[in-house]
Each structure stands twice: as C-alpha cells, then as structure tokens.
Amino acid sequence: MTGRHDDYSLTQVPRHARRSWPSVAVQRFGQVSSFQQFIVGAILGYGMTFWQAVLAITIGSVLLEIITILLGVAGVREGLSTSVLARWAGFGRKGSALVGLLVALSLAGWFGVQNGVFAHGMHALGGGVPEWAWAVLGGVVITAITVYGFRIMAWVGYLTVPAFLALAGYSIVDTLSTHPLGSLVSGPPPGPPLSLGAATTLVSGAFILGALMTPDMTRFNRTPGDVVKQTLLGVTLGEYLIGLIGVLLAHATASPDIVGIVTSSSGVLGTLVLATAILKINDWNLYSSSLGLVNVVDVLFGRRVGRVRVVLVLGALGTAASAFGIADDFTGFLTAVGVLTPPVAGVLIAEYFVVRRCRPVLDALREHGTAPGPHRDWVPSALVSWALGTACAIFFDFGIPAINSVIVAFAAYLVASRIFPARHRTQEGTIMLPLIGREELKRAMDEDAVIVVDTMPVAYYEREHLPGARNIPGFPYERAAEFTDAHAPDVVPDKTATIVVYCANTPCRNSEFVGTRLVELGYADVRKYREGIEDWVAAGHPTESGTPENARPAPISGNHTE
C-alpha cells in the first residue's frame with residue numbers, strides 16, 4: 001500500500017494519473033468554502049456594513065485568486081508539489097527543504113489545532129463521550145483518508161461539500177426569515193467598527209497558506225484552463241457565498257459566534273455538517289504537510305521515504321496533541337510561522353513566470369519524465385527576497401501585510417536575479433560546479449540515481465575508474481570542450497540526468513573543464529567530485545578497470561591519451 005498510494009510525492013504526476021477538473025475543483029471549493037470562511041464572514045459582518053464587507057472580500061479574494069491561479073498553473077504544467085517545484089523555481093535543492101519544512105510544520109500544526117476544534121464541538125454536542133476520544137476518532141479518520149491519497153480525498157469532497165452548502169442554505173433561510181434582507185444589507189454593523197485594512201488582511205490571511213500549497217492539488221489537473229475554472233468557481237462560491245452568508249448572519253443575530261448561530265438553528269444535523277467541513281479541510285492540511293516532509297527527508301538525508309509512512313507519523317503526532325489538549329498551545333507559534341509563508345509564493349511566481357531560469361530544465365523534465373537535481377543547493381537571491389518579504393509583513397503595518405510580503409518578495413527576486421548571475425565562473429571562465437562528497441556520491445551510485453563521468457585520459461580510465469563510470473577525456477585542457485562536444489551525446493544522452501564528474505584529485509582540473517562544457521551544452525544537473533579517485537581509493541571503496549560497453553567514446557582525431 002505504501003508505494004501504491006505515494007501519489008508521486010517526489011516526481012511528476014504522469015498524464016494518465018491526471019483527474020477531471022470537477023474532482024479537483026470540489027476539493028479546492030472544500031478548502032475555500034470551509035467552516036473557517038463562515039467564521040471570517042461573521043467577524044466581518046460584526047464590525048462592518050454589508051457593502052464594506054463586500055469590498056473587503058473583493059480586495060482580499062481577487063489578490064488571492066491571482067496568486068492561486070499563477071501557482072496553480074505552475075503546478076499543472078510541471079506536475080510537481082510545491083516543495084519539489086521549489087527545487088528549480090527559485091530556492092535550490094536545500095532551499096526547497098526549508099520550504100518543505102515550513103509547509104510541514106505549519107500544516108501539521110493546524111491539523112492538530114483543527115482536530116481539537118472538531119473534538120470540542122462533538123463533545124459539546126454528545127456530552128457523555130470525552131473530548132479526547134473525539135480527538136482520537138477525528139484524527140484516525142482523517143489520517144486514514146489521507147493515507148489513501150487524492151482519489152479518496154476527492155470522494156470525501158463529493159460528500160461533504162454538498163452537505164455544507166445545504167447547511168449554509170438552511171441556516172440563512174432559517175435565521176434570516178424574520179429579518180428583512182434590505183435592513184440587513186443597509187443596516188450598521190452590530191459590533192465595534194473593523195477597518196478595511198484589518199478586514200482585507202483577515203480575508204487574505206485566512207487562505208494564504210492554502211494558496212501556497214496550490215500546486216500540491218493542481219498537479220492532478222489536466223490543463224491550465226482547469227486551474228482557472230476551479231479557482232474562479234471556488235473563490236467565488238467560497239469567499240462570496242459562504243463569506244457573505246456569514247456577514248448577514250452576524251447582522252441578523254448581532255453576534256460573531258457562527259458556531260452558536262448555526263447549531264442553534266440547525267441543531268444536531270448542523271453540528272455534524274460543521275464537523276465534516278472541518279474534517280474536509282483538515283485532510284489537505286495533513287496531505288500537504290506530508291508532501292513537504294517527504295521532500296525534506298529526501299534532500300537533507302538522501303532517503304526516499306514513502307508519503308504514507310509520513311502521513312501516519314504526522315497524523316499520530318497531531319492526533320495526540322489534540323487528544324492531550326495541547327494543540328491550542330501552538331496556535332501562537334503557528335500564526336508567527338505563518339508570516340514566513342507568503343514571501344515563498346512571491347519568489348516562486350517571480351522565478352517561474354518572469355526570470356524563467358528554471359524553464360529549460362523543467363521543459364526537459366516534462367519531455368523525459370525524470371527529475372534532474374537543481375544546479376545549486378542554495379540560491380542567495382531567493383533567501384534575501386524571502387527575508388525582505390517577511391520583514392515587510394512584520395515591521396510595516398500598512399495595506400494587507402500578507403499580500404505586501406508577496407509583492408516585496410516578488411520584486412526583490414526580480415532585482416536580485418539581475419545582480420546575482422545565474423552561474424558564478426572562475427577567472428578562467430569555468431563554471432563553479434556544485435560539489436558532492438564521497439559518501440553522498442556512493443549512496444547515489446548504490447541507488448543508481450547518478451551517472452558518473454571519469455574525465456581522465458583514456459589510458460588512465462582503462463587502468464582504473466569508479467564502478468560504472470563512463471569516460472569523457474578532459475586533457476589537454478584546451479581540448480576538453482572539443483572532446484565533450486564530440487562524446488557527450490553518446491556517453492550521456494539524457495540531459496536531465498544527474499551527472500557527477502571527477503578526475504584524479506583536488507588539483508586535477510579535467511572534471512572542471514568537462515563539467516563546465518556539459519552545463520553549457522544544456523545538461524541540467526552536473527556536479528563535481530572534487531577529491532577524485534585518489535580519495536575514493538583511500539576510503540577503501542572498490543574500483544573497476546577495463547572498458548565497459550558504451551562507457552568509453554571512440555577516439556577522435558588527435559585524441560591524447562596522456
């Protein structure tokens with residue numbers, strides 16, 4: 001079951017696994033039209049007039065729609081989750097682990113918090129059953145649903161979303177039947193005034209994390225048009241329909257307590273539907289957090305761990321936190337961590353749609369169906385832009401902080417991408433290739449996840465080389481580019497493969513010149529084992545001799561062997 005339900009956690013979702021747009025749209029709607037949106041609408045209605053609330057929802061939701069659609073289009077084109085996409089789209093390999101860790105911590109935490117809300121509501125309804133038991137039940141149910149992945153989560157959406165809409169319709173008819181609609185629309189707010197800035201911040205902040213994890217969902221779409229349709233439909237119904245019902249209910253009852261309003265009008269049935277609405281959004285919290293953590297483990301520890309196992313661990317931890325009543329203690333921390341989220345979207349959008357350095361690699365990835373590693377572990381321009389966007393949200397209290405931080409990070413990345421060159425070169429003009437250590441290389445070779453290229457002259461290569469290594473001579477240096485041009489298409493035909501070049505030792509520069517030329521020829525992921533075969537042998541690792549089939553190129557005119 002682990003492999004079957006992995007849901008392509010580290011690879012592209014293939015075309016045959018893509019879903020019809022309604023199956024994705026119902027889940028997007030389940031996120032936006034959730035119980036949380038009812039709460040936002042009620043808070044707006046308690047402190048604003050109806051038309052002020054409409055303006056706040058419009059400003060907040062339109063900006064969110066733009067961000068969501070852009071990230072969603074990137075997801076459907078590349079078929080990658082948010083954290084894996086970040087490897088190429090701005091952040092680099094280890095930078096994407098930071099993004100994955102942020103998503104994993106935030107959403108796993110909110111999974112525990114919302115599971116606690118579910119348990120509290122059911123305990124209040126059921127009375128005799130203890131709250132911790134409801135927490136365990138809710139956590140187990142959501143974990144089980146999430147284990148089976150996207151397909152089962154879609155069916156849950158087909159059941160819960162119509163039920164939630166029916167509840168919303170019943171509540172508005174029941175509660176508003178004794179209140180003229182005209183008076184509710186034109187009347188003053190029943191509570192203390194809420195500013196437009198605070199209201200739009202509330203609208204956008206309620207879903208900014210959901211916007212960032214959009215590629216996790218839209219990678220299952222078939223076309224960018226599907227992304228646009230489901231986003232417009234989901235935001236329109238979710239933000240406006242559910243949000244404005246909340247506004248009217250707050251005006252009618254002079255209270256922001258949407259839970260009390262709905263349960264008093266709808267009774268047991270209403271409470272149960274609210275509970276299922278909480279469960280629907282919580283499966284995506286757990287799902288996306290698992291994808292983020294899978295990427296973290298892969299990048300930082302070099303291990304591919306199944307999504308199902310990660311779901312089980314995170315689900316158990318979140319369930320335990322809510323059962324022991326400590327999940328709410330993390331709310332302040334999660335809110336603080338949430339400030340780090342919006343700038344990530346700004347960097348991703350800037351790199352993917354404007355700077356576009358990642359596009360050739362991703363184009364090759366789509367064509368060949370394999371995921372090359374990024375050139376760099378860290379991208380300074382992305383980290384600086386992320387920091388500036390976060391600082392803007394923390395220190396400047398104007399407009400909508402969440403949206404401001406996206407815009408600042410977006411603009412900063414555009415500027416930084418012009419200041420920092422795409423690749424740093426040495427004084428001799430060779431590219432500074434990312435390095436790989438001996439043990440990391442050995443793990444990659446054991447997993448058959450890398451192509452090793454020996455850059456020593458042919459005679460040296462035949463005498464001794466790393467197991468399975470192929471040969472592109474890099475000596476004499478002035479002919480390294482010529483040799484690489486002639487032999488690379490046959491020796492390394494896949495430009496998306498992860499390639500490691502090496503030569504004799506640290507002073508030897510054959511690998512530097514061959515590796516540079518491979519990058520210039522469009523090879524997506526070229527790294528350098530700087531210490532070379534001397535370091536490999538000194539560590540006691542095995543070597544080979546002779547010429548494996550297709551591993552050494554045929555000589556070309558003037559090819560030196562010494």
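**Ground rules.** I number residues from 1 along each chain as its sequence is written. As this is a predicted model, local features need pLDDT of at least 70 and side-chain atom pairs count only at pLDDT 80 or more, while totals for chains, interfaces and linings use all residues; side-chain values use heavy atoms, with hydrogens and water left out.

**Whole chain.** I looked up the elements and found 24 helices and four strands. Helices (H or I, at least four residues) and strands (E, at least two) are DSSP runs, numbered from the N terminus. Of the 562 residues, 54% count as buried. Here buried means under 20% relative accessible area, exposed over 50% and partly exposed in between, with a 1.4 Å probe and protein chains only. I also looked at contacts (heavy atoms within 4.5 Å). Among those with a separation of 6 or more, residues 24 or more positions apart account for 83%.

**The sheet.** I traced an open sheet of four strands in the order E2-E1-E3-E4, with parallel pairing. Strand E2 (470–471) and strand E4 (525–529) are the edges; each has a single partner strand, so one side of each lacks a neighbour in the sheet. Two strands pair if DSSP finds at least two bridges between them. I found four bridges between E1 (residues 451–454) and E3 (residues 498–502), and five between E3 and E4. On the E4 side, threonine 498 faces aspartate 525.

**Strand E3.** I checked burial next: five of its five residues are buried. Thr498, Val500 and Tyr502 point one way, and Ile499 and Val501 the other. That is a pattern I know well: in a regular strand the side chains alternate between the two faces of the sheet.

**Helix H23.** I found H23 (residues 510–520) lying across E3 and E4, at about 155° to E3. Axes are lines fitted to C-alpha atoms, for helices over the stretch in contact, and angles run from 0 to 180 degrees between N-to-C directions. E3, H23 and E4 make a right-handed β-α-β unit: with the strands pointing away from the viewer, the path from the first strand over the helix to the second runs clockwise.

**Leucine 433.** I placed this residue in the loop between helix H19 (401–419) and helix H20 (438–446). Is leucine 433 buried or exposed? It is buried, with a relative accessible area of 10%. Leaving out residues up to four places away in sequence, leucine 433 touches Val501, Ser511, Glu512, Gly515, Thr516, Val519, Val526 and Lys528. Leucine 433 and aspartate 525 are 92 residues apart in sequence, yet 9.5 Å apart in space, C-alpha to C-alpha.

**Helix H14.** I looked at the buried residues of H14, among them Val308, Val311, Leu314 and Gly318. Just after H14, glycine 325 takes a positive phi of about 75°.
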